[in-house]
Amino acid sequence: MIELRGLVHVYPGGTRALDGVDLRIPDGERLAIVGQNGSGKSTLVKHLNGLLRPTEGAVLLDGEPTDTIRVAHLAARVGLAFQDPDRQIFAGKVRTEVAYGPRNLGRRGSELAGAVDAALLAVGLDGAADQNPYDLGYSRRKLLALASILAMGTPIVILDEPTTGQDAAGIERVRRIVEDLGAAGRTVIAISHDMRFVAESFERVVVMGAGRVLLDGTPAEVFAEPAWPTLADTYLEPPLAARAGARLGLGATPSEASLIEALAARAG
Amino acid sequence: MASSPAAPPTLAIRGVSYRYPGYARLVLEELDLEIAPGEIVGLVGANESGKSTLCLVAAGLAPASIGGTLTGDVAVDGQPTAGRATHDLAASVGLVFQDPNTQRSGVTATVFEEVALGSVNLGRPVTETVARTRAALATLRIESLADRDPARLSGGQAQLVAVASILAMGPRLLVLDEPTAQLDPEGTRLVGAALRELAGTGTALLIAEHKTNLLDGLCDRIVGLEAGRIALDGPAAAILEDPALRAIGVEPPARVRLAQAAAERGLAIPADALVAAGTIGPTSAHGVAAGGEA
């Protein structure tokens with residue numbers, strides 16, 4: 001269980017990026033955080049792995065304040081894949097890059113090799129294990145950064161804009177990874193502007209604006225018509241399936257599949 | 001909007017093949033592409049299909065800056081780009097990368113200076129540069145960032161600054177490689193509007209982008225790449241509805257996906273239910289939220 005209590009973060013320049021956030025995230029939940037650029041999403045998740053410390057309030061991991069947990073112990077529990085993969089990648093070989101995290105957590109031998117292979121397979125980079133990360137294009141470097149986090153096997157996985165720059169096949173991979181993590185009982189927290197991904201791969205959506213939580217609910221609730229003015233205030237729009245469902249009087253249809261099912265049900 | 005067919009193309013790529021230095025494989029193969037003044041062309045394709053490489057070739061950076069071997073001809077406004085100095089080419093061709101950090105000059109202290117830098121380097125009078133810089137910041141509604149350190153912006157803010165820098169230069173040809181990858185929906189909309197405005201002044205645009213939702217309604221024409229060759233080329237609406245789009249690994253826009261998914265079940269969704277929302281957000285003036293490293 002992750003618990004944020006009255007979390008406030010003020011950057012050295014005086015920007016109040018988080019302005020009192022209360023949030024409880026149970027183990028195994030798939031939670032998406034949405035909001036416009038500058039709404040505090042990245043600042044929030046950086047508190048979960050100890051990259052940032054609260055200015056006020058507290059972040060509790062299984063009841064323990066994160067600022068009292070040693071960073072090395074926190075790293076074994078929370079993995080964060082950055083929005084910009086180049087802030088993360090440093091090794092000369094794809095395999096070495098992915099092995100770094102689990103090796104630091106004490107994995108060795110076949111256990112280490114197994115974790116690396118599984119992570120590379122999940123992101124589709126199994127054929128690129130011996131390449132230099134910087135010979136990969138941006139989208140594959142992003143998948144590499146994701147593999148590096150997956151290989152650590154942390155119970156909590158945080159993904160910052162995982163679908164950015166991915167083509168159709170890459171987005172499908174990311175969707176499957178989120179689904180598999182969820183099925184394995186791990187907590188997945190993703191920041192995303194991709195509303196279709198958010199509506200179809202997550203069970204809970206938190207909408208942020210100006211450092212506060214504006215909406216918190218299932219995709220059906222957050223993308224339902226009554227919530228649209230709040231979304232619009234923070235320059236977000238629901239996925240087209242949700243808008244079409246409302247226009248056709250079909251109720252809440254956050255995912256494309258749910259819209260088609262609702263349409264079929266009405267047609268009899 | 002494309003101008004009369006009589007106008008010579010702003011970009012003419014003829015019979016171009018390209019390989020990166022040290023690699024045997026051709027990344028682009030026997031490629032032909034012309035873009036008319038004011039025409040907006042969307043470039044789609046799976047990752048590694050050659051989109052980014054074609055952007056570098058169209059902008060004259062490959063092979064001039066990054067090496068490699070190019071055969072065939074590339075011309076901007078009828079002038080071959082081969083052999084032209086970077087500063088000479090910069091007066092007519094702009095390039096916006098997917099990663100704004102690649103683009104940042106690293107030599108300026110404020111966003112205003114950063115956006116002005118390209119125009120200054122073109123040797124324009126100070127008053128003109130200042131006016132162009134102000135206009136570019138206003139178009140993308142990032143006036144509030146003018147005094148900020150360009151090295152300390154969020155990904156989305158940095159991307160808007162990168163686009164503003166190119167707008168201020170006012171190129172004849174603008175090449176954008178996933179210009180909205182880091183942007184929220186509002187930033188994406190602002191960039192779309194800015195690009196449409198720029199095309200209205202006669203600038204030709206080539207936009208590589210995975211978000212077909214964005215290309216739909218913005219582009220006159222869509223070109224689809226597959227393994228370094230042009231697989232699809234035609235009017236935007238026709239290509240975006242073409243089943244061949246999926247075959248080259250490109251997801252059609254949401255309206256097309258939903259219409260196709262309904263049709264597969266023998267259902268129909270009225271077209272007016274699938275119209276994109278268009279303008280989003282409150283009607284009040286909007287500054288990009290002044291977040292820190294958000």
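Modeller: Gladly! This is a predicted model, in which local features need pLDDT of at least 70 and side-chain atom pairs count only at pLDDT 80 or more, while totals for chains, interfaces and linings use all residues. Residues are numbered from 1 along each chain as its sequence is written, and chains are lettered from A and ligands numbered from 1 in the order in which they are written.

Colleague: Which residues have the most contacts inside the largest nonpolar core?

Modeller: A nonpolar core is a set of buried Ala, Val, Leu, Ile, Met, Phe, Trp, Tyr and Cys residues joined through C-beta atoms within 7 Å. Buried means that 20 or more other C-beta atoms lie within 10 Å of the residue's own, with C-beta atoms placed from the backbone. The largest such core has 162 residues, and those with the most contacts inside it are A:Ala147 and B:Ala164.

Colleague: And which element gives the most to this core?

Modeller: Elements here are DSSP runs numbered from the N terminus: helices are H or I with at least four residues, strands are E with at least two. The top contributor to the core, with 10 residues, is H6(B).

Colleague: How many residues of chain B are in contact with chain A?

Modeller: Two residues are in contact if their C-beta atoms, placed from the backbone, lie within 7 Å. On the chain A side, 46 residues take part, and on the chain B side the number is 44.

Colleague: Which element gives the most to the side of chain B that touches chain A?

Modeller: The elements giving two or more residues there are helix H6 (155-169), helix H7 (185-200) and helix H11 (254-264) of chain B. With 6 residues, the one that gives the most is H11(B).

Colleague: Is chain A compact or extended for its length?

Modeller: Chain A has 11 helices and 10 strands. Its radius of gyration is 19 Å, close to the 18 Å that the globule rule gives for 268 residues, so chain A is as compact as a globular protein of that length. The radius is taken over C-alpha atoms, and the rule is 2.2 Å times the number of residues to the power 0.38. In short, the answer is compact.

Colleague: What share of the residues in chain A is buried?

Modeller: Along its principal axes the C-alpha trace of chain A spans about 55 × 45 × 30 Å. Of the 268 residues in this chain, the buried share is 51%.

Colleague: Are the faces of S7(B) covered or open?

Modeller: Strand S7 (residues 173-177) of chain B has 5 of its 5 residues buried. One side carries B:Leu173, B:Val175 and B:Asp177, the other B:Leu174 and B:Leu176, and with all of them buried both faces are covered.

Colleague: Which residue stands opposite B:Asp177 in S8(B)?

Modeller: Strands pair if DSSP finds at least two bridges between them. S7(B) and strand S8 (residues 204-208) of chain B pair in the parallel sense over 5 bridges. There, the residue opposite B:Asp177 is B:Ala208.

Colleague: Why does B:Ala36 count as buried?

Modeller: B:Ala36 lies in the loop between strand S2 (28-35) and strand S3 (40-44) of chain B. It counts as buried because its C-beta neighbours inside 10 Å number 21.

Colleague: Which residue takes a positive phi in the hairpin of S9(B) and S10(B)?

Modeller: Strand S9 (residues 221-226) and strand S10 (residues 229-235) of chain B pair in the antiparallel sense over 6 bridges. The hairpin has 2 residues between the strands, and the one with a positive phi near 45 degrees is B:Ala227.

How values were computed
Buried ≥ 20, exposed ≤ 12 C-beta atoms within 10 Å, placed from the backbone.
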